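Subject: Two-chain model for your files

Dear colleague,

Please find the structure below. My notes on it follow.

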Amino acid sequence: MSILYDEGQQAIATESRRVLDARASKDRLLKLLEQVGEHDAAFWDTAVEQGWTALAVPEEHGGLGLGLVELGLVAQASGAATAGAPFLTPGYGVTHALVASGKADLAAKYLPQIAAGAVRGAVAFAEGTDVLPAAPATKFADGKLTGTKPAVPGAIKAELALVWASGANGPVLALAELAGAERKPVSSFDNSRLYADLTFAGTPAEVLAEGPAALTLAREVLARMAVVTAHEQVGGAEALLHIARDYAVTRKAFGQLIGAFQSVKHRIAEMYGLVEIARANCIHAAASAGTDAFLVAAADARLTATEAYDTCARDCVQIHGGIGVTWEQGLHLHMRRARSLAIEQGNLLFWEDLLVETLTGEAA
Amino acid sequence: MSEIETYRAQARAWLASMAPKYARAARSKLNLSVEEDLALGRQYMAEKYDAGYAGINWKTEIGGQGLSNMHKIAFDAEEMQFGMPNVYFGISLGMPIPILIQYGQDRAWVKERVIKALRGEEIWCQLFSEPSGGSDLAALRTKAEPDGNGWRMTGQKVWTSWAQYCDYGVIVVRTDPTVEKHKGLTYFWVDMKAEGVEVRPIKLAGGDSHVNEVFFDAVRLEDSQRMGEVGGGFGVALHTLMIERYIATDSAGFGPHLDLFVDTAKDLTINGKPAIKDGRIRSAIARNHAMRAGLDSITKRAFAMMQAGMQPGPEGSLQKLVAVRSRQKLSEMALDLQGNQAFDFDPHAYVKEDWGTSWLNAPTGRIAGGSDEVLLNTIAEKVLGLPQDHRPDKGVPFNAIPA
């Protein structure tokens, strides 16, 4: 388990940041906030062109055969730019489920298309306020799904969904093409995430796992996605730390730079602490994938990354004063993204509970 | 197994062989006084020296083992788990002795001191803080004036750890009050048994008295006791504070392990309901686990970077700041959780195993060795490039600073 990035990984980090910096457009992102049903297409085109969609797909299926560490670095860069289409993380979730389930025919059918960006994945686990409900209302029977999954990220445009459902013998992890499902777009505070209610009415689906194995795999998929998202959160939080610092060394009040006031400089130093703790947890979690320590490491990363991004969003706006709450200045892009990412892949409350369950050895 | 891992395993085996006589578990049954514990500590240090685990990362010509910083950290991390009676020697070997090695003028005398300090036969203290300046070290007022071919020193130091047991100390004093405060300081070593030195222990809030006030009444210093240039004392003092960057850290903030909190919560109830099922308790456990895991990962990464010949990042400076204040809050919560049972308090309980003493002694940890506020300033200024605070004393001769 390596916790230092090697040369290839460092190159991925540098290159993804460079490409996204060159193509970032605040105006484009601001426009997306007021449109339901549109994502950051320029980002997605970049992701496909740069091979990010293929990163974690095995080589035998047209991918690059890399893993969570590399994808995390791309996610960190996209988080810093508040770029990102809501397919990269769930696409990875679908990919991992296909590989881990051992369904070779399904893997051969979908993975090359996922790698090429031709098929975009969504992950539909949550129902009501439950992130991974013990008895999902969505049913699976006779090869068909029935029921509704509320506000699934990416669902307005995704072609394929990994669905958590109830079957005849306990839970089922099923894969469904979304051509046969109804999508009802949800108007949101972060519209480019493409949230839609997905309704299945006898939609054909394939089983990837059943019973206790389905729960184990669903948790593993969720934890892996949570680690990707945690990297994205760290990227966003770190960007806000730098924005806050840069503002504090240029803006003056009461005859001096505001960064000379301890109330401001300590706030920024605290942001630094949260970012570095979350980054350390992310590196550890990504490197722990596939080990027994992974679920706990993922929870640690998720908890600290959510705290870091939320706090940095809150405090960076505060340090900017009035200008920080204007539409044009755009800090609200981070504020909104901090919230949407805090909820996708399970909120803090879910992860706190799951972590303690694991630490205390309580029954799942 | 890497060379470091092999070394670590050997160290652990040696420590285990010492444990029946010296480890905390063995000593706690004996109800030793501080003096008796110190005497045992001196024996332990001598055994450690003879076994080749003293001065691990110091040069062999000065009495060390000539190994790397990683060897030292590996040993320290193992040693910490046994609770050996080494607390009395931590500062002595951590700061004054390395500075003496670097600046001491009479090399034969220096080597003799180093070996005696490593063996626990002599202890050195660090005389920096004063009533008028702790975090603001350069505000110190103890003065040394020329006296023939040497100096005569008068003033007072405070918070000096273990001074009552010390043979020597390193000290920063003002030798020129007519220049800016940082520029008029000079660094010396001092014989703590010299005429005119008086040590008075200070009893701390937690009940122990390991820190002292130290008074100097016209104490004679030879010029050969000077370390560094006249007027260069602040630089040497900063060097002292920087020297021990490769120290073992503790994400528990030198308080109890999180497992103890989980066990505490498992045994107790809130309004008749299991405390471990309470969302507030679960949240505290989860958040503390995540924070501590982050600090541990920072430590592991720093270690890996050193092994790869790289310089660890500045995020290591977060350890004490984040860990100790979290320990303070968690200790408060653990006491609350225990309800009236928490009133049953033993002031001598080990801070890593008891919520009461952990709570009562936590403020010391947030102040000593750089207060939270100073650490935040350091991160803001040195890591993030934010401006210094408003400083009315800047550019002003010391004796003209407004009171």
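**Helix α13 of chain B and what surrounds it**

Directly after α13(B) comes G385(B), which has a positive phi, near 75°. Helices and strands here are DSSP runs, H or I over at least four residues for helices and E over at least two for strands, numbered from the N terminus. This is a predicted model, in which local features need pLDDT of at least 70 and side-chain atom pairs count only at pLDDT 80 or more, while totals for chains, interfaces and linings use all residues. Residues are numbered from 1 along each chain as its sequence is written, and chains are lettered from A and ligands numbered from 1 in the order in which they are written.

The end C-alpha atoms of α13(B) are 16 Å apart, and its 12 residues should span 16 Å at 1.5 Å a residue, so the two values agree. The expected span of a helix is 1.5 Å times one less than its number of residues. L375(B), L376(B), N377(B), I379(B) and A380(B) of this helix are buried. A residue counts as buried if 20 or more other C-beta atoms lie within 10 Å of its own, as exposed if 12 or fewer do, and as partly exposed in between, with C-beta atoms placed from the backbone. The cover over the buried residues of α13(B) includes α8 (262–288) of chain A together with α11 of chain B.

**Where the chains meet**

In the interface, 35 residues of chain B are in contact with 32 residues of chain A. Two residues are in contact if their C-beta atoms, placed from the backbone, lie within 7 Å. On the side of chain B that touches chain A, the elements giving two or more residues are α10 (279–307), α11 (319–338) and α13 (372–383) of chain B. Of these, α10(B) gives the most, with 17 residues. By class, that side of chain B has 22 nonpolar, 7 polar and 6 charged residues. Ala, Val, Leu, Ile, Met, Phe, Trp, Tyr, Cys and Pro count as nonpolar, Asp, Glu, Lys and Arg as charged, and the others, Gly among them, as polar.

The axes of α11 (residues 348–360) of chain A and α10(B) come within 9 Å and cross at roughly 85°, which makes α11(A) roughly perpendicular to α10(B). Axes are lines fitted to C-alpha atoms, for helices over the stretch in contact, and angles run from 0 to 180 degrees between N-to-C directions. Angles under 35 degrees count as roughly parallel, over 145 as roughly antiparallel, 65 to 115 as roughly perpendicular and the rest as oblique. From α11(A), the residues E352(A), D353(A), L355(A), V356(A) and L359(A) meet R282(B), S283(B), I285(B), A286(B) and H289(B) in α10(B). This contact has 5 nonpolar, 2 polar and 3 charged residues.

**Chain A**

Chain A has 11 helices and 9 strands. Its radius of gyration is 20 Å, close to the 21 Å that the globule rule gives for 364 residues, so chain A is as compact as a globular protein of that length. The radius is taken over C-alpha atoms, and the rule is 2.2 Å times the number of residues to the power 0.38. Of the 364 residues, 54% count as buried.

In helix α9 (residues 294–320) of chain A, 21 of the 27 residues are buried, so the helix is largely enclosed by the rest of the structure.

L175(A) lies in strand β5 (residues 170–177) of chain A. L175(A) is buried, with 22 other C-beta atoms within 10 Å. Not counting residues up to four places away in sequence, L175(A) touches L106(A), L160(A), L162(A), A205(A), E206(A) and L208(A).

A107(A) is in helix α6 (residues 104–115) of chain A. Leaving aside neighbours within four places in sequence, A107(A) is in contact with H61(A), L98(A) and V99(A).

**Chain B**

Chain B comes to 13 helices and 10 strands. Of its 403 residues, 40% count as buried.

Regards
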